[in-house]
Every structure is written in C-alpha cells, then in structure tokens.
Amino acid sequence: MEINNFIDILFKKAEERCIENFEIYYTSSKSSSIKVFNQEVDSYSDSNSQGISFRLIEKGKMGYSYTESISEKEIDFLINEALENAAIIEN
C-alpha cells in the first residue's frame with residue numbers, strides 16, 4: 001500500500017472514532033554497504049526500513065503505537081493500541 005493512502009485512511013478512521021488530538025509520524029531509510037578486500041567485493045548489503053507511529057491524547061493521557069507494516073489491516077491496530085496505552089498510563 002502506498003504510504004500516502006495509508007496515512008489518509010488512518011487519519012479518516014481516527015476522525016471517525018472522534019479522536020481529536022493525534023499525530024502520525026512516518027520514517028523511511030535506505031542503506032547500502034560494500035566491503036572490499038584485496039580489490040574484491042568481500043560483502044554487500046542493501047536494506048530498506050520504514051515505520052509509522054501514531055500518537056494521541058485521550059482523556060488527558062497520551063497513547064502511542066508503532067508498526068513497520070504498512071498495510072490496511074494495521075490501521076485499526078495502531079488506533080486501538082494507542083487508545084489502550086493511553087487508558088493504562090498514569091498521569
């Protein structure tokens with residue numbers, strides 16, 4: 001799923017659940033590494049990572065959730081997890 005669509009759906013679902021104070025934070029990184037020994041490639045690695053966090057304030061308490069899976073099924077998880085975390089946190 002494209003990240004912009006994911007964020008749009010997450011935003012709409014949060015509003016549908018009457019969550020007024022929330023933020024969505026997306027991060028993505030790419031890295032490559034090549035090690036050469038005696039003029040030959042000794043090792044090579046290439047990695048991509050991404051993640052999205054959802055933070056809200058519910059009844060004066062902050063809740064937070066995070067996932068690296070950018071799929072539509074994770075949207076409800078992010079909202080529910082953040083709400084649950086806000087419910088159990090102390091002031």
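Biologist: Which residue forms a salt bridge with Glu23?

Modeller: In this predicted model, local features need pLDDT of at least 70 and side-chain atom pairs count only at pLDDT 80 or more, while totals for chains, interfaces and linings use all residues. Side-chain values use heavy atoms, with hydrogens and water left out, and residues are numbered from 1 along each chain as its sequence is written. A salt bridge here is a side-chain nitrogen of Lys or Arg within 4 Å of a carboxyl oxygen of Asp or Glu. With the closest N and O atoms 2.4 Å apart, the partner of Glu23 is Arg55.

Biologist: How many residues apart in sequence are the parts that Glu23 and Arg55 tie together?

Modeller: Strands (E, at least two residues) and helices (H or I, at least four) are DSSP runs numbered from the N terminus. Glu23 lies in strand β1 and Arg55 in strand β2, so the pair ties together parts of the chain whose separation in sequence is 32 residues.

Biologist: Is Arg55 buried, exposed or partly exposed?

Modeller: Buried means under 20% relative accessible area and exposed over 50%, with partly exposed in between (1.4 Å probe, protein chains only). Glu23 has a relative accessibility of 37% and counts as partly exposed. Arg55 stands at 33%, and therefore counts as partly exposed.

Biologist: In what order do the three strands form the sheet?

Modeller: Two strands pair if DSSP finds at least two bridges between them. β1 and β2 pair in the antiparallel sense over 17 bridges, and seven bridges join β2 (residues 40–58) to β3, again antiparallel. The sheet is open, and its order is β1-β2-β3.

Biologist: Which residue in β2 stands opposite Ser31?

Modeller: The hairpin of β1 and β2 has two residues between the strands, and in it Asn38 takes a positive phi near 50 degrees. Along this antiparallel pairing of β1 with β2, the residue opposite Ser31 is Ser47.

Biologist: Which residue in β3 stands opposite Ile57?

Modeller: β3 (61–67) is, like β1 (21–37), an edge strand that pairs on one side only. Its seven bridges are with β2, and the residue of β3 opposite Ile57 is Met62.

Biologist: What angle does the direction of helix α1 make with that of β1?

Modeller: Axes are lines fitted to C-alpha atoms, for helices over the stretch in contact, and angles run from 0 to 180 degrees between N-to-C directions. Helix α1 (residues 3–16) packs on the sheet and touches β1 and β2, where contact means heavy atoms within 4.5 Å. The angle between its direction and that of β1 is about 155 degrees.

Biologist: Which residue meets Lys13 in a salt bridge?

Modeller: By the rule used here there are two salt bridges, and one of them brings the side chains of this pair to 3.5 Å, N to O. Lys13 is in helix α1 and its partner in helix α2, 63 residues apart. Lys13 is partly exposed, with a relative accessible area of 24%, and the residue that it meets is Asp76.
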